[in-house]
Amino acid sequence: MACAITGMTPAEKSAVADTWKTLAANKSGNGVALFLQLFSSHPNTFNYFKNFEGKSVDQIKDTADMRAHACAVMYAMGSLVESLDDPECMVGLVKKIARNHKGRDIGKSQFELLRGLYGSYLDKSLGGAATPAVKAAWDKFFDCFDNLVEKFQA
Ligand code: HEM
């Protein structure tokens, strides 16, 4: 039966948790790849990063600042994925992310951009393991996440 909070079935939660292990094995590399894909698909998202002001994506892509941001996001994602079995805790974690991104003017629509490219990101980072079922499970995860962001930023 689907979880009342996330809307995800146990099989979908497992698909997310299992594939997360592969992504988390290289948090810096996979996190940088995720944000570089965001910047190339939606160049305006780069403007939110005040510490990269005046620089191009090419100039920052190999910097320690980029890797540090990527790691921070990936550790936060890891906490969310690890909380799928305690969805109330997951909601509390999303609340924190929603509130600290609100101050940067980053809302549901920006998080939806990440959701929109996540399937192709999984293809690149997981190869054949990114099955349609895996991609659908991650999409449900982000659907839940993005709706909670909207709720907590209202
Ligand atoms: C699953 C999605 C995301 C997660 C889990 C996440 C998580 C985080 C975390 C943990 C931080 C560092 C802690 C903090 O300062 O609050 C952070 C900072 C930040 N995030 Fe996100 N984020 C996500 C999506 C996004 C998106 C889509 C954007 C932009 C369109 C974005 C822009 C930023 C910016 C600009 C910062 C501040 C960077 C800095 O000053 O070093 N984030 N995010």
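**Ligand shell and helical architecture of the predicted model**

Helix α4 gives the most to the shell around the ligand, with five residues; helices here are DSSP runs of H or I, at least four residues long, and strands are runs of E, at least two long, both numbered from the N terminus. The structure is a predicted model, in which local features need pLDDT of at least 70 and side-chain atom pairs count only at pLDDT 80 or more, while totals for chains, interfaces and linings use all residues. Residues are numbered from 1 along each chain as its sequence is written.

Of the 17 residues around the ligand, Thr45, Ala72, Ala76, Asn100 and Gln110 come nearest, a residue being near if its C-beta atom, placed from the backbone, lies within 6 Å of the molecule. Two or more residues of the shell come from each of α4 (64–82), α5 (87–102) and α6. By class, the shell has 10 nonpolar, six polar and one charged residues, where Ala, Val, Leu, Ile, Met, Phe, Trp, Tyr, Cys and Pro count as nonpolar, Asp, Glu, Lys and Arg as charged, and the others, Gly among them, as polar.

The protein chain has seven helices and zero strands. Its radius of gyration is 15 Å, close to the 15 Å that the globule rule gives for 154 residues, so the chain is as compact as a globular protein of that length; the radius is taken over C-alpha atoms, and the rule is 2.2 Å times the number of residues to the power 0.38. Buried residues make up 23% of the 154 residues (buried, 20 or more other C-beta atoms within 10 Å of the residue's own; exposed, 12 or fewer; partly exposed, in between; C-beta atoms placed from the backbone).

Helix α6 (residues 108–126) has 19 residues, which at 1.5 Å a residue should span 27 Å, and its end C-alpha atoms are 26 Å apart, which agrees; the expected span is 1.5 Å times one less than the number of residues. α6 bends by about 45° at Tyr118, the bend being the angle between axes fitted to the seven residues ending there and the seven starting there. Its buried residues are Phe111, Leu114, Tyr121 and Leu122, and their cover includes α2 (27–41) and α7 (132–153).

Lys135 is found in helix α7 and is partly exposed, with 19 other C-beta atoms within 10 Å. Not counting residues up to four places away in sequence, Lys135 touches Gly119, Leu122 and Ala130 (contact, C-beta atoms placed from the backbone within 7 Å). The C-alpha atoms of Lys135 and Gly119 are separated by 5.6 Å.

Methods. Two residues are in contact if their C-beta atoms, placed from the backbone, lie within 7 Å.
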